[in-house]
Each structure stands twice: as structure tokens, then as C-alpha cells.
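Work through the following exercises with the sequence and the 3D structure open. Each task is followed by a solution in steps.

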Amino acid sequence: ALSDAAIRYIDAHQSEPFFLFLSFLEPHFQNTRDDYPAPDGYAEQYTGRWLPPGRRPAYAAEVTLPVVLGPQQEAFTAEALSGLLSARYTVSAASDRMGYRLAGPPLAHRVGADLISEALSWGALQVPADGQPMAMMADRPTTGGYPKIAVVARAALPLLAQAMPGEGKVRFQAVTLSTAQAIYRAQMAGLETGIEEDEDEWTG
């Protein structure tokens, strides 16, 4: 079920192209309180399985996200790099599944903001000419032509994805690639071993 905040957001933006497109694909999408039946056998397969609270992502109104600096960190001033890791950014109301626009102190480029277009990864932080970073999300374009100051660690992407546009706050903490990989491996191992099967303990 959608949270009340998510329902309010969708209700307020139903006329925007993204939601109109979803409505074209699914005529009932705009009724955010509709119930959708589970596939056959789904309930029998998953009833009684639950993830204890301690194993769940630490969703919050403000989150700190581990990032690996680069691949174009040299395109930014030293002040921009330190600013990225010390400032708090707000997820802009103009965000969508393609990218989250982050509002905060601008990140200055050393020369310019244009690059030859190259592949974009999920979580990449592109910085256009205005200095406001954009986090590439699930429906991002395949390529982009702005310098990328950092990439959000894969394990932290659920935290970023659940940050409410117009409300969510994010901070960034630099980690090494090996640390980001270790965090992700630990997260996956926790999912594999942390699921409980006792139906009597299920909290939904």
C-alpha cells in the first residue's frame, strides 16, 4: 500500500506528463487507493515470510549516503568536493524516476560542465552548469554529457529512492570502491539469511 505522503504527492501531480503516461498504461493508476490482486499462488508462497526491522533499510526523512568519488572528480574544484561531503541537500520537487534533482550549495566546475556523452550508471551524480547535482535513478537515460562528481553506493540506492521529492534530505559520505562493494555484499547476505518464516511472528 502507498503511504499517505506518497498518495498526496501523486494526487498533486497527476496532470504531469509522467503520471499521464502511467495512466495511459494503466487506466486505474490515478486512483491511488485502488487495490490490485496478487498473482495466483503469491499469498501461499510468501505468507509468513517477513524481514525483521533490524534487517530493513534505515529509511528516514534525512539519510546519509555512501558515495564513491569520481569518475570525473578532477573536473570540480576542491571546494566543490568538500562541499559535496559537508552540505545537506534537499530532493527537489522536480524529481522523478529518471533523476533526483538535489537542491543545495552549488558545486563549481574547474572549466566547464560539458563532456562527450558517456554511459550513465544508477546512482551517478551528474552536475550540470548550475552546479546542482542530479542523481540518476531507475529510468535514467543511457548516456549523459555532464561531469559526474560521485556515484551513490548500490546498497544505499533504496534510501535515496524513498526520499520524498520536496521533503527528503540527503548527505554524502565518501567511501572506497571496496567498502561500497563490502556494504552491498553484507546487505545481500542479510536478505538471504534474515528472512523469518514463522507466521505467528509476522507483522506485515
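**Exercise 1.** Which backbone nitrogen does the side chain of Gln126 reach?

Step 1. The model is predicted: local features need pLDDT of at least 70, side-chain atom pairs count only at pLDDT 80 or more, and totals for chains, interfaces and linings use all residues. Residues are numbered from 1 along each chain as its sequence is written, and side-chain values use heavy atoms, with hydrogens and water left out.

Step 2. Locate Gln126 in strand 5, residues 124–126. Helices (H or I, at least four residues) and strands (E, at least two) are DSSP runs, numbered from the N terminus.

Step 3. The side chain of Gln126 reaches the backbone nitrogen of Tyr146 at 3.3 Å. A polar contact is a pair of N or O atoms within 3.5 Å; within protein, one must be able to donate a hydrogen and the other to accept it, and residues adjacent in sequence count only if both atoms are side-chain atoms.

**Exercise 2.** Is Gln126 buried or exposed?

Step 1. Apply the cut-offs: buried means under 20% relative accessible area, exposed over 50%, partly exposed in between (1.4 Å probe, protein chains only).

Step 2. Gln126 has a relative accessible area of 4%, so this residue is buried.

Step 3. List its partners, where contact means heavy atoms within 4.5 Å. Leaving aside neighbours within four places in sequence, Gln126 is in contact with residues including Leu120, Met134, Gly144, Tyr146 and Lys148.

**Exercise 3.** Describe the setting of Pro71 and Gln72.

Step 1. Pro71 lies in the loop between strand 1 (62–69) and helix 4 (78–86), and Gln72 is placed in that loop too.

Step 2. Gly70 and Pro71 are joined by a cis peptide bond with omega of about 10°. Most peptide bonds are trans.

Step 3. Gln72 counts as buried because its relative accessibility is 9%.

Step 4. A polar atom of the Gln72 side chain lies 2.9 Å from the backbone nitrogen of Lys148. Not counting residues up to four places away in sequence, Gln72 also touches Leu115, Glu118, Tyr146 and Pro147, among others.

**Exercise 4.** How far apart are the C-alpha atoms of Val127 and Leu107?

Step 1. Find Val127 in the loop between strand 5 and strand 6 (134–136).

Step 2. The C-alpha atoms of Val127 and Leu107 are separated by 7.4 Å, and the two residues are 20 apart along the chain.

Step 3. Val127 has a relative accessible area of 0% and is therefore buried. Among the residues that Val127 touches, beyond four places in sequence, are Phe76, Leu107, His109, Ala113 and Ile149.

**Exercise 5.** Which backbone oxygen does the side chain of Ser82 reach?

Step 1. Ser82 is placed in helix 4.

Step 2. The Ser82 side chain reaches the backbone oxygen of Glu79 at 3.0 Å.

Step 3. With a relative accessible area of 44%, Ser82 is partly exposed.

Step 4. The C-alpha atoms of Ser82 and Leu107 are 9.4 Å apart.

**Exercise 6.** Where does pLDDT stay under 50?

Step 1. pLDDT is the predictor's confidence in each residue, from 0 to 100. The protein chain averages 83, and 76% of the residues score at least 70.

Step 2. pLDDT stays under 50 over residues 18–30, for which the model has 19 contacts beyond four places in sequence.

Step 3. Where pLDDT is low, the predicted coordinates should not be read in detail.
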